[in-house]
Amino acid sequence: MSQKIINTDDLAFLLYELLDIERFTQFPRYADHSRDTFDAAIELALKVGAETFAPHNALCDANEPRFENGKVIIRPEVAAALAVLRDTGLMAASQDYERGGMQLPSVVAQTCIGIIKGANVSTQAYAGLTIAACNLIMAHGSEEYKQRFAEPMMAGRFFGTMCLTEPHAGSSLADIKSRAIPAEDGSYRITGNKIFISAGDHELSENIVHLMLAKLPDAPPGVKGISLFIVPKFLVNEDGSLGERNDVQLAGLIHKMGYRGTTSTMLNFGEKGGAVGYLVGEPHQGLAQMFHMMNEARIGVGLGSVMLGYTGYLHALEYARDRRQGRPLKERDPASPMIPLIEHADVRRMLLAQKAFVEGGLALCLFTSTLIDEKKHADDPLLREEAAGLNDLLTPIVKSWPSQFCLEANSLAIQVHGGYGYTREYPVEQFYRDNRLNPIHEGTHGIQGQDLLGRKVAMQDGRFYQALLGRIRATLDSCGSATELAAQAQLLSDALATLEEVTDALQALRKSDPERALANAYLYMECFGHVVVGWLWLRQAETALKGLQQGGERPKAFYQGKLAACEYFLRYELPKPLALAAVLRDADRTTLDMPAECF
């Protein structure tokens, strides 16, 4: 079963051969760990995913949460699985020993989380949101809030959410209307309506801690006037016991195309006079604080996209090996045996595309996770600063690229199955439906593209953008001298040159005409993401070549598969978005100039 979630050879290759995560044991925080402890945690995640999460994935898809007699009813398997996640320590795998965690490096913790996502992304969402909300409180909350709210969340007693979106505003947080009025006791009375709140109501935990954006009476207009509040479903007494129900009401459940096992809710705050809320940090700094959780959630979205694409790929691969259909083109005898689907070139093309997308996406997510460890614990302060900057630069790509191209992998998995893939008899249709949410939530492709081009590339005068280019060029230099990889290195080098040319042109235009410069930011995101993933594929090929030449840990066929997938991505996929580089370079106005009344 674990092999249907992820290829463990690929995972070990990425972690130990490509990224060399054993080096993190040199950091004092991880000195107790070794490859053995990392592998033990991953094996535990594989076991929990296969035995506890995967079995009820389709069941919860077919039996959505429902609202009855004032309560949300969810399949009992969900609570049981989350209890296992909590009891094994996987729910708080990266947290301190003192707080009940495993104190694992971020890259190992993210690997474990990804495995659980691949097994059942809907059930994992309850835990993932909780830990992200907990981390925000730990970063910006007072000691009182850490003890009262965050510690019970780490322990799995309380769950958490983020409450941003409002019915009238959508992604435009500058236009939120929720209000917070100071009370005499130092708390606030919150009123407002929030929508699309994942895990917003359920009976899976003792309490639900909502992290909510609202505005104070003296707030300046726009996003500069947003503050962040803790608004629990039940009030929490000073001794940690639960008090009365807060003025937070479930207004309704939203029924979705996929991700059906996770409640999606409409919440009303303050219908009976005002929900009690507690200000986190300073007034009017809420959006900056919420980005701590939003960025973590965005990386989680990218990882979830990869894992849904990955499990779909493995199911398609198994089907293509087992299903017999058709004959070789040269075979004219209709009585001759049919051949496995995988013997057909077009099926191999679809499998290669899936492999290139999901294994490239996984490399992207895991590489970015290593930056989190480096920015916190590297000895060299300059390395810490660079890792933090690269992490910020890559976050919109980590969120958006997998949610576009690993979704395409799910579409191809259906196609490999043919008509059967379009039925509910096979799980690939559910994987597609579940993954279709990921290009939407936590910021669409357009939003992520504007963030990348409008802010991230230019931050600190392009310092971290240039640092990334430097790393890519270093790989090009080392691979360009290897006969086996010289052609692939040239393909990436040409693409990099195009990206640099486009970036320079758009950055120059952004100063005088930002609307035009950012009009096609989604396409810039695709180009940038393809170059980054192409770089990581070239690194994988370089590592695989070394494995072949030096007798690496994995089978020869595995390394050869890496080389072929790199060749495929750089020849077939990398040129696609970059073929439209002229649209970006010229800052094409087609989308700006089309009058709304002409549609």
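This is a predicted model: local features need pLDDT of at least 70, side-chain atom pairs count only at pLDDT 80 or more; totals for chains, interfaces and linings use all residues.
Residues are numbered from 1 along each chain as its sequence is written, and local features need pLDDT of at least 70, side-chain atom pairs count only at pLDDT 80 or more, while totals for chains, interfaces and linings use all residues. Side-chain values use heavy atoms, with hydrogens and water left out.

Along its principal axes the C-alpha trace of the protein spans about 80 × 60 × 55 Å. The protein contains 20 helices and 12 strands, which are DSSP runs numbered from the N terminus (helices H or I, at least four residues; strands E, at least two). Of its 599 residues, 56% are buried, where buried means under 20% relative accessible area, exposed over 50% and partly exposed in between, with a 1.4 Å probe and protein chains only.

In the largest nonpolar core, which has 199 residues, Met290, Leu362, Tyr524 and Phe528 touch the most other members; such a core is a set of buried Ala, Val, Leu, Ile, Met, Phe, Trp, Tyr and Cys residues joined through side-chain atoms within 4.5 Å. Helix α8 (residues 286–322) gives the largest share of this core, 17 residues. Beyond its neighbours within four places in sequence, Leu362 is in contact (heavy atoms within 4.5 Å) with residues including Ile6, Leu303 and Tyr310.

Ser106 belongs to helix α5 (residues 106–119) and is buried, with a relative accessible area of 11%. Gly446, in helix α12 (residues 445–456), counts as partly exposed because its relative accessibility is 29%.
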